[in-house]
Amino acid sequence: MLLTSIAGVFGIAPARAEVPTQNEVETALTCQCGCGLTVHSCNHVNCGSGIPLKREIGEQIGEGRSLPEILSHFENKYGEIILSAPTTRGFNLIAWAMPFVVLAIGGLTVGVVLWRWRGATDADKSPVAPVPPTSASPAENELRERMERELRERDT
Amino acid sequence: MSEIGRLAIVLGFIVAIWGSAASILGGLRRDKALVASGTHAAYAFSALTGIAVLALLQLLLTRDFNVEYVASYSSSTLPLWYTIAALWGGMKGSLLWWTFILAVCNAVVQVQNRHKNRDQMPYVTATMLITGGFFLSLLVFVTDPFERLPFTPSEGSDLNPLLQNYWMTIHPPSLYIGFVSTTVPFAFALAALATGKLSDAWIRTTRRWALFSWFFLSLGNLFGAAWAYVVLGWGGYWAWDPVENAAFMPWLTSSAYLHSVMIQEKKDMLKVWNMVLVILTFALTIFGTFLTRSGVISSVHSFTQSGLGPFFLIFLGIILAVSLGLLVWRLPMLKSKNELESVFSREATFLLNNLMFVGIAFTVFWGTVFPVLSEWVRGVKITVGPPFFNQVNAPLGLALIFLMGVGPVIAWRRASWSSLKRAFAIPVFAGVATGVIALVMGAGNFYAIVAFSISSFALATMFTEFWKGMRVRQAMMGEAPWTALSRLIGKNRRRYGGYIVHVAMVMVFVGIVASSVFKIEKQTGIEIGQSVEIGGYDVRFDGIEDESTEHVEIRKAKLAVFDDGELLGFVYPEKRFYKKPEQPTTEVAIWSTIGSDLYTVLGTYDEASKIGVFQLFLNPMISWMWIGGFVLFLGTVVCMWPTYAERTAEATSRIPAGSKTTS
């Protein structure tokens with residue numbers, strides 16, 4: 001369910017029923033001429049794959065089919081390899097989910113690390129003299145201190 | 001000459017074995033003679049690979065088609081410049097070129113460190129010689145660039161026409177320099193682990209090398225994009241091809257390292273993580289080499305399928321096993337201070353930035369290898385193309401640019417709420433204002449509006465930093481604005497050079513977003529004398545010219561470009577028909593301005609009807625990417641340029657210990 005939500009957020013699972021544009025379908029399919037580009041991007045002169053595919057896409061759109069229906073048609077006819085992105089079914093769902101799982105684990109790790117480091121500092125913290133209030137922000141004070149240090153270095 | 005080249009690579013391989021063994025033994029036994037022998041071997045290795053490169057170049061220039069490599073990648077009509085580029089145009093030559101660059105890096109490292117890092121240098125030398133030796137072993141035992149044919153063809157097969165482009169002469173060398181120079185930080189990291197000298201010394205020693213390799217990886221990727229843009233003729237520059245991905249991944253981990261290493265230098269933290277990033281970056285360069293040469297993943301960029309894949313996989317396995325083994329062994333010595341005063345600090349933003357870089361690197365890696373995984377598990381071939389990479393990486397890219405804006409302004413250690421409000425007031429205003437303006441101007445795409453807002457926010461933080469620093473200098477020193485600005489940068493080269501690089505990255509990012517989202521394209525037939533309109537330009541087809549040389553036949557269309565009825569100039573998109581091999585290519589013609597590129601491609605031309613079929617693209621703001629490349633160069637030079645103190649320290653280090661000096 002979580003994976004389906006992720007897919008939904010990023011528009012991976014096209015659920016629209018309306019007729020797609022030629023561009024949308026061409027981008028969702030890969031040219032089989034070996035160029036590695038989408039059908040939309042392949043511009044080989046007299047391409048034996050791209051040109052018939054573009055024509056077929058036009059026919060499918062002309063029949064008023066939705067994007068999922070058209071992609072399903074091409075998948076059934078040419079196999080999954082023609083889709084320019086993995087489907088969101090079965091094993092292929094791992095392709096979409098894994099980057100987010102890894103990011104979530106990484107984010108959690110960063111959060112835990114930051115929390116522990118902060119805890120370590122709190123435990124070791126010794127009383128410090130209060131900083132006198134100034135009109136400048138800490139960032140500006142830091143900048144000014146740095147400048148003064150550099151100017152001293154320059155003078156010596 | 002082929003015999004000399006062959007002898008050079010065989011001797012180079014033997015020297016690499018001897019040099020690495022002598023260096024390791026010398027390091028372990030603290031035997032100066034053995035260590036010195038290893039150093040001499042490194043120099044000899046450089047000389048021998050240099051001789052081999054010169055030999056292959058000589059064979060190419062003299063068109064010795066009896067040599068298989070020369071016959072396969074050149075011809076008698078190939079122009080001189082591309083004949084030189086043929087050196088890295090084929091797999092064998094590219095491996096030799098790679099080894100040569102590594103050998104040169106090794107020699108430079110030896111010179112730089114002849115009076116310092118003496119405990120670590122044997123292991124540095126050994127690591128670099130083992131890597132170089134591995135590449136030479138492929139050339140000696142598997143794929144000999146000097147192999148002679150049993151007969152001499154009257155003509156060569158020629159360089160792939162797609163490679164006969166000026167970008168191709170500089171894209172591979174840049175990328176190779178970037179790839180190969182990651183070996184230097186890796187070698188020093190291994191040396192630090194081997195010797196247990198795990199202070200920041202190895203990081204300081206390799207800081208410029210890490211920047212150098214990152215810079216060339218950046219250039220290599222940008223040049224590759226420029227090559228794809230002008231050669232492939234589909235109006236784009238990046239297709240998430242496996243080989244493009246292979247070049248992009250080390251750039252991402254290298255970028256993460258350049259940020260996280262600052263935390264180690266400033267706060268003595270992330271020691272293990274930095275080691276991991278250096279190891280990962282180097283491993284990814286080898287993985288990229290494996291991808292392009294194994295044939296395991298199909299790509300338009302890759303070399304012909306070869307039997308080299310298993311060798312690269314084994315080498316990659318050894319690298320990971322040895323380096324990670326050493327890392328685990330030294331874990332107790334890599335304890336960091338690990339203190340953080342606040343989660344609202346620059347350290348925290350750098351950690352998040354690393355998460356994003358590594359997250360994108362993982363996504364790219366995962367998307368690249370998933371087709372192979374799918375075939376293994378399900379027996380079904382699938383494609384992982386641009387829709388996958390764009391959808392997953394776009395939010396991460398946005399987050400990175402946002403962190404780029406946050407990082408410089410937020411303080412080290414702790415940032416208070418009030419300081420955050422002050423620091424971010426102008427950038428947040430700039431970001432919101434940009435979003436509103438984009439919306440009002442009709443930029444209906446949500447991602448584009450967010451991307452422009454965040455980019456504006458990031459740029460505003462950078463400019464605010466320059467402005468504040470300049471004002472402080474003016475107030476304290478009474479300097480004129482330009483003097484204050486130049487001295488501000490000169491005194492803080494690393495910091496402000498980094499900001500300049502950030503500005504460059506925002507420019508590249510904006511160029512990518514604008515050219516992707518707001519691209520206009522049109523495929524149309526135009527009769528001679530007629531015009532079509534695209535994105536405010538009128539394009540008139542003025543005619544066709546044919547040219548022929550012994551090397552290529554060219555059909556060139558003449559297009560007049562008008563804006564508001566005013567003639568701006570002419571562009572000449574071409575179709576070329578190369579004679580050896582018989583292959584058509586597209587030569588696009590671009591009318592480029594700071595605002596957009598009018599990108600024209602000649603499809604076909606019908607003599608009878610006098611109609612030419614053209615693909616026309618209007619790519620908004622794409623030139624920002626290339627200008628960003630120049631800004632990146634500027635920023636990197638500022639970062640790398642040594643300060644007076646560094647130059648003095650370097651000069652002092654050249655004086656051998658115990659030598660007399662006069663005052």
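This is a predicted model: local features need pLDDT of at least 70, side-chain atom pairs count only at pLDDT 80 or more; totals for chains, interfaces and linings use all residues.

User: Which domains does chain B have?
Analyst: Chain B is divided into domain 1, made of 2-149 + 158-257 + 267-332, and domain 2, which covers 520-623.

User: What distance separates their centres?
Analyst: Taken over C-alpha atoms, the centres of domain 1 and domain 2 of chain B are 40 Å apart.

User: And how many residues does each domain give to the contact?
Analyst: Domain 1 of chain B contributes eight residues, and domain 2 of chain B contributes 15 residues. On the domain 1 side, three of the residues are nonpolar, four are polar and one is charged.

User: Let us turn to the sheet. In what order do its strands lie?
Analyst: Four strands of chain B form an open sheet in the order β1-β10-β9-β8, with antiparallel pairing.

User: Which strands are at the edges?
Analyst: The edge strands are β1 (520-527) and β8 (589-592) of chain B, and each of them pairs on one side only. On average, neighbouring strands in this sheet are turned by 20 degrees against each other, direction ignored.

User: What holds paired strands together in general?
Analyst: Strands of a sheet pair through backbone hydrogen bonds, and the pairing is either parallel or antiparallel.

User: How many bridges link β9 and β10?
Analyst: Strand β9 (residues 596-606) and strand β10 (residues 611-620) of chain B pair over ten bridges, in the antiparallel sense. Within this part of the sheet, Y599(B) stands opposite F617(B) in β10(B).

User: New topic: where is T585(B) found?
Analyst: T585(B) belongs to strand β7 of chain B, which spans residues 582-587.

User: Why does T585(B) count as partly exposed?
Analyst: T585(B) counts as partly exposed because it has 19 C-beta neighbours inside 10 Å, whereas a buried residue needs 20 or more.

User: What is T585(B) in contact with?
Analyst: Leaving aside neighbours within four places in sequence, T585(B) is in contact with P161(B), L162(B), R576(B) and Y578(B).

Terms used: Residues are numbered from 1 along each chain as its sequence is written. Chains are lettered from A and ligands numbered from 1 in the order in which they are written. Domain bounds come from an automatic or database domain assignment. Two residues are in contact if their C-beta atoms, placed from the backbone, lie within 7 Å. Ala, Val, Leu, Ile, Met, Phe, Trp, Tyr, Cys and Pro count as nonpolar, Asp, Glu, Lys and Arg as charged, and the others, Gly among them, as polar. Helices (H or I, at least four residues) and strands (E, at least two) are DSSP runs, numbered from the N terminus. A residue is buried if 20 or more other C-beta atoms lie within 10 Å of its own, exposed if 12 or fewer, and partly exposed in between; C-beta atoms are placed from the backbone. Two strands pair if DSSP finds at least two bridges between them. Axes are lines fitted to C-alpha atoms, for helices over the stretch in contact, and angles run from 0 to 180 degrees between N-to-C directions.
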